Amino acid sequence: MDNNFLLQAIIYLSAAVICVPIAKKLGLSSILGYLFAGIIIGPFVLGFIGQEGQDIMHFAEFGVVMMLFLIGLELEPSKFWKMRKFILGMGSLQLVGTTLALFFSCLYFMDWPWKTTLAISLALALSSTAIVMQTLKEKGLSNTSLGRSSFAILLFQDIAVIPILAFLPLLATTTIDPTNELHQSVISGFSSWLQTLIVIGIISSIYLAGRYLFVPILHVIARTRLQELFTASALLLVLGVSYLMQLVGLSPALGAFIAGVVLANSEFKHELEGDIAPFKGLLLGLFFIGVGASINFQLIIENPVFIFVFGAVLTLIKFLVLFGIGKIYKKKNENNFLFSFGLSQAGEFGFVILSFCMQLDIIPNRLANQMMAVIAISMVSTPFLLLINDRLINPNLPSKAKSKRKESDFIDEQNPVIIAGFGHFGSTVGRLLKANNVKSTILDTDSERIDVLRKMGFKVYYGDATRLELLKAAGCENAKLFIAAIDNPTVNLQVIETLQKHYPKLKILTRARNRTDAYELIDLKVDHIYRETLYSAVNMGVDALVELGHRKYSATRQGQQFIKYDEITTQKLALKRHDKKAYLVTIKEEIEMQEQLLKNDLHSQIAATNHSWDSEHLKKNILE
């Protein structure tokens, strides 16, 4: 393989650009797309990359470092402190439980020395931070209880890498050359108590520097108004802190996380997120490609039964330990399955520990390479396990919540209005109607939300509004209005299609998140479309005009006219959106026309002297 840098870059990027969209089109995770891209261009399929695939892993691991920095930015110190019981409790249960289960299983079934068995068990007990956090982000679960539990375990594992690496030399049968030590630090020659003090001092220094050094420096850089300089500063901050932690023998990812937590309360939080996120995404993709390319298919071919069976047993043991932890912390079955499958793989730190063990001669090279293949395969299998859970296991779970809701499907009232979806959008509409003595039949599929709403005094029915029998039971035949306010735009469209087919005379008012969703609804000939982004943005614009001295009446009228013209424009654009050139030309023409119409309207307002909307204007005139 040619070592030309530009050619290698083209190969990596081409593989990602081709494989990831295909994976997403098939309903799979983007992670799986990256992993397959690595396998295809790796040394055992097309052979576009060879041994340099292992070298690129060291560079790509910065994607994990940057990801933990961004996670730290989202986690304010006060929130981090509140999570300490979860981190210590769930994290220690997972690590100790999985290590012991693997250790005794391997000791009983495998003819390995106990030191080798313990080292392998510690390496395989760790899960993949990159895969789990990326999966949670794609599923929108990062800020849920499930996301927080997963993060607590992953953070504990990242911290645990430090004592694990410190413990491994005690298992060594030979003395390692300090010049070649994988994780040699500048303080390794000091006594243990002094090393501990130095580490505590470094972490304290990062905290103080974040408050009294990093933020003032960022203020100075921000005043230069050079975006590229601010981006460079953000990268320097992450890499600098990570390198400092590495120098004292700690995990670079842990250092980045601490730096993120320290800066979580700063005014530069969102700016730093925006600058780091693209690099994080690109390097994480590169990391997953590297994992795929590093799978040694030659070892797998030589002994496929051992590697696949061992990988399956590893996944099963980790799943059972995690499922037990979920039960201890009273997680619902549907969340517990997702939680357990999501963390059931081995992780990227396993490669580090196994490499270190080879240098310490704790694990024979061949066995260590086989374990690395097991780790890579377990990482590849995770998206498939999550897909099986989503498609086969979760829909068929006989959970208590689902049983309860089936009993609640019976609807014993007929009202003029039916509301499907009672989240933030639907509940606002429902409360307004209720305040004006208009009764509504409310449908929703979120069992937890229904429990809360019932406690608040709302009569809400559990049910899938795409089901014709439920729509019939809700009284669509005699209702005057149907308000489609479901969060998921795809489900909302399915409901409307069903209504139009079976209840064509029922008037439908529907929610749309943005212009793109509105186009789909226009294709269905829906007349009453309410875009979230349009009305809230226009209201803000009206308030901005008033704050700048415009009369309330004039500003409100302009806002209403803007909505009217924009709705007309949306209808026109919906017809041309599939022709990109015509679409762009029409947008430009419509924007110019809207601006001209609004200017003409402003100058021709007959009632422009009506100040009844604007009490502040009247007060000002009286005082003058």
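The following legends describe several close-up views of a predicted model.

**Conventions.** In this predicted model, local features need pLDDT of at least 70 and side-chain atom pairs count only at pLDDT 80 or more, whereas totals for chains, interfaces and linings use all residues. Residues are numbered from 1 along each chain as its sequence is written, and side-chain values use heavy atoms, with hydrogens and water left out.

**Figure 1. Overview of the protein, with its 28 helices and six strands.** Helices (H or I, at least four residues) and strands (E, at least two) are DSSP runs, numbered from the N terminus. Of the 624 residues in the protein, 48% are buried; buried means under 20% relative accessible area, exposed over 50%, and partly exposed in between (1.4 Å probe, protein chains only). Among the contacts with a separation of 6 or more, 73% come from residues 24 or more positions apart, where contact means heavy atoms within 4.5 Å.

**Figure 2. Helix α11 and its packing against helix α13.** Helix α11 comprises residues 227-247, 21 residues in total, and reaches 30 Å from its first C-alpha to its last, close to the 30 Å expected at 1.5 Å a residue. The expected span is 1.5 Å times one less than the number of residues in the helix. The buried residues of α11 are Phe230, Thr231, Ser233, Ala234, Leu235, Leu237, Val238, Val241, Ser242 and Met245. An α-helix has 3.6 residues a turn, so residues three or four places apart point the same way. Helix α13 (residues 269-294) packs with α11 at an angle of about 75 degrees, and the two axes are 9 Å apart. The helices α11 and α13 are therefore roughly perpendicular to each other. On the side of α11 the contact is made by Gln227, Phe230, Thr231, Ala234, Leu235 and Val238, and on the side of α13 by Glu271, Leu272, Asp275, Ile276 and Phe279. By class, this contact of α11 with α13 has seven nonpolar, two polar and two charged residues. Axes are lines fitted to C-alpha atoms, for helices over the stretch in contact, and angles run from 0 to 180 degrees between N-to-C directions. Angles under 35 degrees count as roughly parallel, over 145 as roughly antiparallel, 65 to 115 as roughly perpendicular and the rest as oblique. For the classes, Ala, Val, Leu, Ile, Met, Phe, Trp, Tyr, Cys and Pro count as nonpolar, Asp, Glu, Lys and Arg as charged, and the others, Gly among them, as polar.

Figure 3. Gly292 is buried, with a relative accessible area of 1%. Apart from neighbours within four places in sequence, Gly292 is in contact with Leu35, Gly38 and Ile39. Ile377 is 85 residues from Gly292 in sequence and 8.7 Å from Gly292 in space, C-alpha to C-alpha.

**Figure 4. The aromatic pair of Trp112 and Phe310.** A search of the whole structure finds ten aromatic pairs. Rings of Phe, Tyr and Trp (its six-membered ring) pair if their centres lie within 6.5 Å; planes under 30 degrees apart count as stacked, over 60 as edge-to-face and the rest as tilted. The pair of Trp112 and Phe310 is tilted, at 6.0 Å centre to centre and 40 degrees between the planes. Trp112 lies in the loop between α6 (84-109) and α7 (114-125) and Phe310 in helix α15 (residues 304-328), so that the pair links distant parts of the chain, 198 residues apart. Trp112 is buried at a relative accessible area of 16%, and Phe310 is buried at 7%.

**Figure 5. The aromatic cluster of Phe319, Phe323, Phe337 and Phe341.** Within this group, Phe323 and Phe337 form an edge-to-face pair, 5.0 Å centre to centre with 65 degrees between the planes. Phe323 lies in helix α15 and Phe337 in helix α16 (residues 333-342), so the pair ties together parts that are 14 residues apart in sequence. Both Phe323 and Phe337 are buried. Helix α16 is mostly covered, eight of its ten residues being buried. Asn389, found in helix α18 (residues 365-393), is buried with a relative accessible area of 1%. Leaving aside neighbours within four places in sequence, Asn389 is in contact with Phe337, Leu338, Phe341, Asn394 and Pro395.

**Figure 6. Two loop residues, Lys330 and Asn437.** Most residues other than glycine have a negative phi. Lys330, in the loop between α15 and α16, has a positive phi near 60 degrees and counts as exposed at 76% relative accessibility. Asn437, in the loop between α20 (424-435) and β2 (440-444), has a positive phi near 60 degrees and is exposed, with a relative accessible area of 72%.
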